[in-house]
Amino acid sequence: MPNYFVNLLLKNQINMTGVNKVILLGNLGQKPETRYVNSELSFSRLSVATTELYTNQKGEQIRYTEWHTVILWRQMSRFAEQYLRQGDTVYIEGRLKSRFIEQGGGERRKVTEIIADRCDLIAHHDEPKQEPKNDNQEPETPGSGLPDCDLENIPQNIPAVDGLPF
């Protein structure tokens with residue numbers, strides 16, 4: 001943090017309760033999973049892998065991969081659905097959010113996700129597979145075949161872009 005901000009904090013000129021900021025540069029483990037709350041509001045769940053390399057005390061190079069669940073809302077969700085695919089390198093900025101989910105038997109489990117404020121495609125790593133087209137097929141609706149969204153878990157403070165709620 002620049003000295004200017006540190007000085008302001010020390011002089012109590014800024015009331016700061018904390019910082020919740022996540023930055024990831026990693027690869028998608030699978031195609032984004034997109035769901036629609038209604039015709040206008042969608043969200044996508046990404047599984048992003050970050051890998052670090054280090055050398056242990058024995059001189060062996062160790063590769064450690066951490067998996068992150070990232071949630072994209074609105075335009076970022078539509079972007080992910082249209083352009084992102086397994087293996088792509090993405091840049092993510094966002095914040096951590098934890099919640100509890102009910103499992104079978106009434107058991108509660110804590111999950112921590114990254115709610116993205118920014119998602120950029122850095123590189124495609126595979127060529128998309130071209131499926132043969134059948135003109136007799138019905139067009140797919142986006143997100144078809146996925147279970148409905150749990151409306152109780154929609155974040156209340158989804159940031160709007162340019163004052164628009166979408």
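In which sense do strand E5 (residues 89-102) and E6 pair, and over how many bridges? They pair in the antiparallel sense, over 14 bridges. This is a predicted model, in which local features need pLDDT of at least 70 and side-chain atom pairs count only at pLDDT 80 or more, while totals for chains, interfaces and linings use all residues. Residues are numbered from 1 along each chain as its sequence is written, and side-chain values use heavy atoms, with hydrogens and water left out.

**Overall layout**

- The protein chain has two helices and six strands; helices (H or I, at least four residues) and strands (E, at least two) are DSSP runs numbered from the N terminus.
- Read from the N terminus, the order of elements is α-β-β-β-β-α-β-β.
- Of the 166 residues, 27% count as buried (buried is under 20% relative accessible area, exposed over 50%, partly exposed in between; 1.4 Å probe, protein chains only).
- The accessible surface of the chain is about 12,400 Å², and carbon and sulfur atoms account for 48% of this surface (Shrake-Rupley method, 1.4 Å probe; for residues, only the protein chains shown count as cover).
- Of the contacts between residues at least 6 apart in sequence, 62% join residues at least 24 apart (contact means heavy atoms within 4.5 Å).

**Strand pairing around E6**

- Strands count as paired if DSSP finds at least two bridges between them.
- Strand E4 (residues 61-73) runs parallel to strand E6 (residues 108-123), and two bridges join them.
- Val70 has Ile114 in E6 as its bridge partner.
- Arg99 stands opposite Val111 in E6.
- The hairpin of E5 and E6 has five residues between the strands, and Gly105 there takes a positive phi near 80 degrees.

**End of E5**

- Glu102 lies in strand E5 and is exposed, at a relative accessible area of 55%.
- Beyond its neighbours within four places in sequence, Glu102 contacts Glu107 and Arg108.

**Nonpolar cores**

- A nonpolar core is a set of buried Ala, Val, Leu, Ile, Met, Phe, Trp, Tyr and Cys residues joined through side-chain atoms within 4.5 Å.
- The largest such core has 15 residues, and Leu46, Val70, Leu72, Leu84, Ile92 and Cys119 have the most contacts inside it.
- Strand E1 (22-28), strand E3 (42-55), E4, helix H2 (74-83), E5 and E6 each give two or more residues to this core.
- A second, separate core has five residues, including Leu41, Phe43, Ile71 and Ile115.
- With residues up to four places away in sequence left out, Ile92 touches Val22, Ile23, Leu24, Leu46, Val70, Ile114, Ala116, Arg118 and Cys119.
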